[in-house]
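Subject: Structure handover and findings

Hello,

Here is the structure for your records. My notes follow below it.

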Amino acid sequence: MKKKKAGLSFYVPEKKSHFPILTEFFICLVLMVIAAFIAVVSVYFFGMRCRVVGSSMEPGLYNGQEVLVNKFAYTLFVPKKGDVVVFLPHGNEHSHYYVKRVVACPGDKIQIKDGKLYVNDVESEWIHGTVEEAGIAAEGFTVANGQFFCMGDNAADGEDSRQANIGPVDKKDMIGQAWWHMEYGEEKMGFIH
């Protein structure tokens, strides 16, 4: 009879499961339920969908196109020039959501003259075409603290911060940042620039 050698043994006897496929199935099912729950909660609390109304954001976004909105973006960060934002003018919940671009931030001097938008005396890169209606920006002014001047990329069409009934947008009236656009049935999806 052989004696067993003393010392460490790294041999672990293999446990045989009688239901390995069933166990794996339940683990996958639980993981899928957890992932779905996290996705639903994330979208509900941090995101939403809305439609672009009008052609004021063309050529990037067009009438009826859906965008995903990051509602959490501006709880930690401040909107910056170039951001496409979604807001309700003066917090009016009976209005449709406006999708516009931030062209000036608090402290920026803004003026529309000769069909062009000037921010701090420099022509804005965000506006396409001629701005025919200067509105409240005709004489020029400085954007107040906590407010942002928002316009559509296609300034010839639509309502935006130039109109007195909308004016500069308060940060508290911003729903969030539009970050993804989609079109059902077509290959037109992507991040918003």
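Two strands count as paired if DSSP finds at least two bridges between them. Helices (H or I, at least four residues) and strands (E, at least two) are DSSP runs, numbered from the N terminus. By these rules, two bridges join strand 5 to strand 8, and the two run antiparallel. One of the residue pairs is I110 with F141, its bridge partner in strand 8.

Ground rules: this is a predicted model, in which local features need pLDDT of at least 70, side-chain atom pairs count only at pLDDT 80 or more, and totals for chains, interfaces and linings use all residues. Residues are numbered from 1 along each chain as its sequence is written, and side-chain values use heavy atoms, with hydrogens and water left out.

**Overall layout**

The protein has two helices and 12 strands. From the N terminus the order is α-β-β-α-β-β-β-β-β-β-β-β-β-β. Of its 193 residues, 35% count as buried. Buried means under 20% relative accessible area, exposed means over 50%, and partly exposed is in between (1.4 Å probe, protein chains only). A contact means heavy atoms within 4.5 Å. Among contacts between residues at least 6 apart in sequence, 59% join residues at least 24 apart. F72 sits in the loop between strand 2 (66-70) and helix 2 (73-76). F72 is partly exposed, at 37% relative accessible area.

Four strands make an open sheet in the order 7-6-5-8, with antiparallel pairing. Strand 7 (122-123) and strand 8 (141-142) stand at the edges with a single partner strand each, so one side of each has no neighbour in the sheet.

**Cores**

A nonpolar core is a set of buried Ala, Val, Leu, Ile, Met, Phe, Trp, Tyr and Cys residues joined through side-chain atoms within 4.5 Å. The largest one has 14 residues. V103, I110, I112, L117, I127, F149 and M151 have the most contacts inside it. Strand 4 (98-104), strand 5 (109-113), strand 6 (116-119) and strand 9 (147-151) each give two or more residues to this core. Another core, of 12 residues, lies apart from it and includes Y98, C150, I166 and M174.

**Surface**

The protein exposes about 12900 Å², with carbon and sulfur atoms supplying 61% of it. Accessible areas come from the Shrake-Rupley method with a 1.4 Å probe; for residues, only the protein chains shown count as cover. L22, F25, F26, L29, M32 and V33 make a nonpolar surface patch of about 610 Å². Patches are made of residues with over 30% relative accessible area and no salt bridge; like charges are joined within 9 Å, nonpolar side chains (Val, Leu, Ile, Met, Phe, Trp, Tyr) within 5 Å. V33 is in helix 1 (residues 20-46). V33 counts as exposed, at 52% relative accessibility.

**Salt bridges**

A salt bridge is a side-chain nitrogen of Lys or Arg within 4 Å of a carboxyl oxygen of Asp or Glu. The whole structure has nine. D121 and K109 form one, at 3.4 Å, N to O. D121 is in the loop between strand 6 and strand 7 and K109 is in strand 5, so the pair ties together parts 12 residues apart in sequence. D121 is exposed (58%), while K109 is partly exposed (37%).

Buried or exposed: which describes D160 and R162? Both are buried. Their salt bridge has its closest N and O atoms 2.8 Å apart.

K172 and D170 also meet in a salt bridge, at 3.8 Å, N to O. K172 is exposed at 68%, and D170 is partly exposed at 23%. Elsewhere, salt bridges that share partners join R49, R51 and E66 into one network.

**Backbone points to check**

- The peptide bond from E58 to P59 is cis, with omega near 15°. P59 is in the loop between strand 1 (47-51) and strand 2.
- H90 is not a glycine, yet has a positive phi of about 55°. H90 lies in the loop between strand 3 (84-87) and strand 4 and is exposed, at 54%.
- N120, also not a glycine, has a positive phi of about 55°. N120 is in the loop between strand 6 and strand 7 and is partly exposed, at 37%.

Best regards
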